Amino acid sequence: MLLAAFAAFCAASCLAQAYGQTWCGKNYMKTSPVVPPGGQFPVPAASSQPLLAFRCEPAIKPYLPEDILTPSSFIIDTPITSSEVVGAAPISLPEHGSLGSVAVTVSVNGRPLAAGLVPLNATKFELPFTLVGLSPRTEVYDVTCAAEYSPGLLSKSQKFSSTAALSLLPDPPDGRSVTKMDLRTGALLAKPATGKGGSYETVFPIGFYTNFGGYLDSNLTLLNELAAQGFTVVHPVPTFDNLTALDLVLDRMQELGLYLMYDMRWTYMNDTGVTEEVNRIKNRPNLLLWYTGDEPDGTSDPLNATSHSYDLINSLDGYHPVSLVLNCENYFFTEYTSGTDIVMQDTYMIGNNVTFSSQWDTVCTPDYGDCGCDNCKGEFEDISTRMDDFAERLRDDGWARTKAVWTVPQAFGGDSYWKREPTGKEYIVQSVLGINHGGLGVVAWNDPTPADIKASASALALALPTMKEFILSPSASFAHIATGRVDIGVWTVDGRALVLATNLNYAAATVPLAGLPGVKGKSVKQVFDSGASFAGGKFTFEATGTGGFIVG
Ligand SMILES: *[C@@H]1O[C@H](CO)[C@@H](O)[C@H](O)[C@H]1NC(C)=O
Ligand SMILES: *[C@@H]1O[C@H](CO)[C@@H](O)[C@H](O)[C@H]1NC(C)=O
Ligand SMILES: *[C@@H]1O[C@H](CO)[C@@H](O)[C@H](O)[C@H]1NC(C)=O
Ligand SMILES: *[C@@H]1O[C@H](CO)[C@@H](O)[C@H](O)[C@H]1NC(C)=O
Ligand SMILES: *[C@@H]1O[C@H](CO)[C@@H](O)[C@H](O)[C@H]1NC(C)=O
Ligand SMILES: *[C@@H]1O[C@H](CO)[C@@H](O)[C@H](O)[C@H]1NC(C)=O
C-alpha cells in the first residue's frame, strides 16, 4: 500500500512526478490519452487433445542436515488439462475405463531417489525418499522427474518429464534461524520467534503493516499489546531512520515471540542498500521472511527488479523466504512474481468508487484511470477473484507448489480514494475470504487502525492456533462452497472438519449444515465468532457475519 499514503499529503503533480503518469501501466491523469497498458497474463491456449501437466516437488524447502535421517517425500501432481500451461504435454488416454497410472522416477544426477506408480489426474501424491547420500550444500540439486504411461497392454508407452530444485542447505551460520516452506500446503515452518529453541511448527502469519516512525519507535508497549492480542507477525513500515530504535523494537518483538516480516520497499532496487540491510537483520532469531517490492507493478518498477533482489537476498541469506505485494489485477504478473516465494494481493474495495476516480476525476476502465482498486467491481468478490486469479496463474506457470499467496486486508480508510474505514466485521470478511481462497497469511494495511478492526483482527488471531491445525495440515482435504454470497471453506482432517464461513451480504443469511464427506460425528463447536452462530442444523449469519466451526 503506497498510493493511499502519498495521495493523502501529496498533490497530483507530486504523485505524477514520483511515479510517472501511470498506475498498473494505465494513464490516470485527465490530460493523458487512453493507452492500453499491456502486460496481461496470457490466457493459455486450449488444446484439442488432453494434456498432462506433470509436476514434482520435494515436500520441504529447504532441508537441513538435521533432516537427513528423516524420511521425506516428493509431491507428484498429474493433472489432465486442456490448457496449454507451462510444461503440459499431449497424452493419449484410453477411450473407456479408468485412466490408470504413470510410472514415476525422481532422480538427482542420474541417481534415482524415488519411484512409484502415481494415478493419473492425481493431486499431491507423495512418493517417499530419503536424503541419505546427499551432501548439504548451498547450491540446489537439480531434480529430474520422469513419468511413463501405457494406457493399454499393446499401446506404445508415452514419456513425460519435469524438473524441480531440491535444497539441502548446510547448517545456518551463526545459529541463524530458518524458515522452511511445506510445499504440500505452502505453509511456513519456523521455530519459536523467541530464539530459545523449540521445534519447527507451522506459522499462520497474521498481523499488520505497522508504522515505525512516530508509532512503534516511540512505544514498545504497543508490541506487548499485539502479542497479547494473538498476532504472530509484525511488519514494520520503513523508513527506519533510527537504527537504535529499530533494534529496540526487534529485541522486544523477539522477547514477546513475534515474528518479523522485514520490509525493504525503499531499498530493494539498490544492491548496496539490500546488502547492508540483509546483513544487519539476517541473524535475528525472529526473522520470518523478507519483503521487497511494495506494489512494484503499480509503479511499473523494472520488470527484472524483483528477481534481481531475490537472487541477491538469497545469496546473502538463503534461509528465509521472500515476499512482495502486487496491486494490479493483471500487469506483468509472471515477471514480478518470478522474484518471490510469497505473492500478496491488496485489493482494497471498501469505501472507494471503483469506476470513477475521486482523485483524478476520470473514469476507470481496463485501459485507463486509477480508482484505488484495479479493475474492481466494488464488492467483496473482488478479493476472492483476485486470490483465485493469482492461484490460477501460479498453476499455469508451474509455480503452484513453490509460491504461496497471502492476502492484505484493507484496515484503513477516510483518505484519498477510500472515503471510509472498513468495520471490524468487514475486515473479517476480507480476511476469511482470502483464507477460503487459499491465502496462507493475513497482513493488513495498516496499524494504527480503528479499535473496532483491531478487536476483530485480534479475535481472528486468537482463533487461528486452533484453525491452523486444519488449514495448514498437509493431510487436509479442502472443499470450497459458495451459496447465496456466503463463502465457505471446509478443511477435513481425520474425520473432523473446520468450516469457515463468511457472509458477503449486508443482510442476514442462513445456510443449512449439509453432510460433509469424510466427517463422522455431528457435533458442532464454534471456534470463531464475528456475527455467526449454529443452531437447529443451520448456520446463521448477521450482515457481514463470519464464523469458524469444528464439525465432527
Ligand atoms: C480430472 O480431475 C478433475 C477434478 O477432479 C475432473 O474434473 C476431471 O474430469 C478429471 N479428468 C479426467 C480426464 O478424468
Ligand atoms: C503505548 O501503547 C499502549 C498500548 O497500545 C497504550 O496503552 C499507550 O497509551 C501508548 N502510550 C503512548 C504514550 O502513546
Ligand atoms: C533514536 O532512538 C533511541 C531509542 O529510542 C533514542 O534514545 C534516540 O534519542 C533516538 N535518536 C534520535 C536522533 O532521535
Ligand atoms: C543505495 O544505498 C546506499 C547504502 O544505504 C546509499 O548510500 C545510497 O545512497 C543508495 N543509493 C541510492 C541511489 O539511493
Ligand atoms: C534489467 O533490465 C534492464 C533492461 O531492461 C537492464 O538495463 C538492467 O541492467 C537489468 N537489471 C538487472 C539488475 O539485471
Ligand atoms: C461513482 O462516481 C460516479 C461519478 O460521480 C457516479 O455516477 C457513480 O454513481 C459512483 N458510483 C458509486 C458506486 O458511488
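Because the model is predicted, local features need pLDDT of at least 70 and side-chain atom pairs count only at pLDDT 80 or more, while totals for chains, interfaces and linings use all residues. Residues are numbered from 1 along each chain as its sequence is written, chains are lettered from A and ligands numbered from 1 in the order in which they are written, and side-chain values use heavy atoms, with hydrogens and water left out.

**Overall build**

- The secondary structure of the protein chain comes to 10 helices and 30 strands, where helices (H or I, at least four residues) and strands (E, at least two) are DSSP runs numbered from the N terminus.
- The radius of gyration of the protein chain is 24 Å, close to the 24 Å given by the globule rule for 552 residues, so the chain is as compact as a globular protein of that length; the radius is taken over C-alpha atoms, and the rule is 2.2 Å times the number of residues to the power 0.38.
- Along the principal axes, the C-alpha atoms of the protein chain fill a box of roughly 75 × 55 × 55 Å.
- Of the 552 residues, 55% count as buried, a term that means under 20% relative accessible area, with exposed meaning over 50% and partly exposed lying in between (1.4 Å probe, protein chains only).

**Salt bridges**

- The structure holds 19 salt bridges, each being a side-chain nitrogen of Lys or Arg within 4 Å of a carboxyl oxygen of Asp or Glu.
- One of them joins Asp317 and Arg176, with the closest N and O atoms 3.0 Å apart, and this pair links distant parts of the chain, 141 residues apart.
- Asp317 lies in the loop between helix H6 (305-316) and strand S21 (322-326), and Arg176 in the loop between strand S13 (158-166) and strand S14 (180-182); Asp317 is buried at 7% relative accessible area, and Arg176 is also buried, at 7%.
- Arg184 and Asp182 meet in a salt bridge of 2.9 Å, N to O, in which Arg184 is partly exposed at 21% relative accessibility, whereas Asp182 is buried at 4%.
- Lys454 and Asp447 form a salt bridge with their closest N and O atoms 3.2 Å apart, and both residues are buried.
- Glu66, Asp67 and Lys180 are linked in a network of salt bridges.

**Buried charges without a salt bridge**

- Asp346, in the loop between strand S22 (342-345) and helix H8 (381-396), is buried yet has no salt bridge, and the nearest side chain of opposite charge, Arg386, is 5.7 Å away; here Lys and Arg count as positive and Asp and Glu as negative, while His and the chain ends are not counted.
- The side chain of Asp346 does make a polar contact of 2.9 Å with that of Asn327, a polar contact being a pair of N or O atoms within 3.5 Å; within protein, one must be able to donate a hydrogen and the other to accept it, and residues adjacent in sequence count only if both atoms are side-chain atoms.
- Arg393, placed in helix H8, is likewise buried without a salt bridge, the nearest side chain of opposite charge being that of Glu329, 4.1 Å away, but the side chain of Arg393 reaches the backbone oxygen of Glu329 at 2.9 Å.

**Ligand 2**

- Ligand 2 is surrounded by Asn219, Leu222 and Glu225, where a residue counts as near if one of its heavy atoms lies within 4 Å.
- A polar side-chain atom of Asn219 lies 2.4 Å from an oxygen atom of ligand 2, and an N or O atom in the side chain of Glu225 is 2.5 Å from an oxygen atom of the ligand.
- Taken alone, ligand 2 exposes 360 Å², of which the protein buries 38%, with areas from the Shrake-Rupley method and a 1.4 Å probe; for residues, only the protein chains shown count as cover.
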